[in-house]
Amino acid sequence: MRRWPNRTPRSRSSTYSEDRCEEAEREFQAALRLNPNYSYAHPWRAHLLALQGHLDEAVAEMDRALQIDPFTLSTLVIGSMMLSHADRHKEALALGDRAGAVCQQNYGWP
């Protein structure tokens, strides 16, 4: 049985920062075929799509990520930035506020 490799965010990021976007997309799709609710893959796939200029698709992918896991700080921050780039500023600010609340609740940050 082939298993999905355990990779850190840094190695995932380097995959597509080195102009290997097609490879990264295949890896994200493979991960999501194995587990469509894999909350870690959705925001980073959205980030990849945004880097490639597919902002509408990226926002849709981020919406999916937020449906699956609405409390992960990285998802909230990436989502806020993505919505801002898509000129959906009110939604971006709302996600930013949620990210701030998560920080305060979980980490005691002001």
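I started with E23, which counts as partly exposed at 28% relative accessibility (partly exposed lies between buried, under 20% relative accessible area, and exposed, over 50%, with a 1.4 Å probe and protein chains only). I found a salt bridge between R20 and E23, with the closest N and O atoms 2.9 Å apart (a salt bridge is a side-chain nitrogen of Lys or Arg within 4 Å of a carboxyl oxygen of Asp or Glu).

A note on what I am reading: this is a predicted model, where local features need pLDDT of at least 70 and side-chain atom pairs count only at pLDDT 80 or more, while totals for chains, interfaces and linings use all residues. Residues are numbered from 1 along each chain as its sequence is written, and side-chain values use heavy atoms, leaving out hydrogens and water.

Next I looked up E25. E25 forms a salt bridge with R45, the closest N and O atoms being 2.7 Å apart. E25 lies in helix α2 (residues 21-34) and R45 in helix α3 (residues 41-51), so this pair ties together parts 20 residues apart in sequence (helices are DSSP runs of H or I, at least four residues, numbered from the N terminus). Both E25 and R45 are buried.

Then I followed R45 onward. R45 also forms a salt bridge with E57, at 3.4 Å between the closest N and O atoms. Since E57 sits in helix α4 (residues 55-68) and R45 in helix α3, the pair ties together parts twelve residues apart in sequence. R45 has 11% relative accessibility, whereas E57 is partly exposed at 40%.

Notes. Helices (H or I, at least four residues) and strands (E, at least two) are DSSP runs, numbered from the N terminus.
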